[in-house]
Amino acid sequence: WRLYALRRVFSGTVSTGQKVRIMGPNYVPGKKDDLHIKTIQRTVLMMGRTTESINDVPAGNTVALVGVDQYILKTGTITDHPEAHPLKTMRYSVSPVVRVAVKPKNAADLPKLVDGLAKLSKSDPLVLVISDEQTSEHIIAGSGELHVEICLHDLAELSGIEIIPSNPVVTYKETVLTASTEVMMSKS
């Protein structure tokens with residue numbers, strides 16, 4: 001299983017065999033944390049279900065990169081300039097509110113499930129994968145019921161096992177918007 005790193009080329013050209021600096025979301029300029037210097041194995045043009053290998057891609061295009069997926073968790077900046085700063089990580093306006101606990105149909109397939117959850121987390125920036133050590137539950141949280149259904153389908157494909165999902169649970173949250181003008185007492 002190989003994950004393509006789908007990227008937009010903002011300036012210059014990206015090419016097969018190019019040595020690049022991969023800056024993760026925790027990279028701080030001047031430090032070495034979350035910085036990897038690697039070679040792009042292949043540049044690929046994605047066209048629906050088909051892919052075509054190409055030598056280089058100029059600015060303004062979207063390209064799939066092979067060989068950098070293990071260094072990027074969900075987002076990152078790829079450059080060949082030694083003094084470049086990373087692009088700001090995208091913030092999404094949706095939050096994962098629908099949760100489903102998953103377990104393998106066969107208990108011996110638990111390592112495959114955990115591997116599939118790691119791949120799912122890497123491939124979808126909006127999914128939240130939680131492994132609760134106390135209850136031994138593995139939870140997928142998505143932005144809606146359809147999103148969670150798609151994640152369950154992808155998880156079954158990525159792990160190659162049968163999965164037993166729990167019923168979806170919607171997180172209920174409430175908050176105080178303004179201070180009260182009245183004095184109140186409460187007991188706990």
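The lining of the largest pocket draws at least two residues from each of β1, β2 (13-15), β3, β8, β9 and α1; helices (H or I, at least four residues) and strands (E, at least two) are DSSP runs, numbered from the N terminus. This is a predicted model, with local features needing pLDDT of at least 70 and side-chain atom pairs counting only at pLDDT 80 or more, while totals for chains, interfaces and linings use all residues. Residues are numbered from 1 along each chain as its sequence is written, and side-chain values use heavy atoms, with hydrogens and water left out.

**Pocket**
- A pocket here is an open set of points on a 1 Å grid over the protein atoms alone, where a 1.4 Å probe fits and protein lies on both sides within 12 Å along at least five of seven lines; lining residues have an atom within 4 Å of a point.
- The largest one has a volume of about 1100 Å³, meaning the space filled by probe spheres set on the points, which are joined across faces, edges and corners.
- It's lined by 41 residues, and Arg7, Arg8, Gly76, Thr77 and Ile78 sit closest to its centre.

**Strands**
- β4, β3 and β9 make an open three-stranded sheet in the order β4-β3-β9, with antiparallel pairing (two strands pair if DSSP finds at least two bridges between them).
- At the edges are β4 (35-39) and β9 (77-79), each pairing on one side only.
- β3 (residues 19-23) is tied to β9 by three bridges, and arginine 21 faces threonine 79 of β9.
- Over in β8 (residues 62-66), four of the five residues are buried, i.e. under 20% relative accessible area with a 1.4 Å probe, protein chains only.
- β8 pairs antiparallel with β1 (residues 5-8) over four bridges, where alanine 5 has leucine 65 as its bridge partner.

**Nonpolar cores**
- A nonpolar core is a set of buried Ala, Val, Leu, Ile, Met, Phe, Trp, Tyr and Cys residues joined through side-chain atoms within 4.5 Å.
- The largest has 15 residues, and Val102, Leu113, Leu120, Ile140 and Leu155 touch the most other members.
- β10 (98-104), α1 (110-123) and α2 (145-159) each put in at least two residues, with α2 giving the most, five.
- There's also a second, separate core of 11 residues, including Val14, Ile22, Leu65 and Ile72.

Terms used: Buried means under 20% relative accessible area, exposed over 50%, partly exposed in between (1.4 Å probe, protein chains only).
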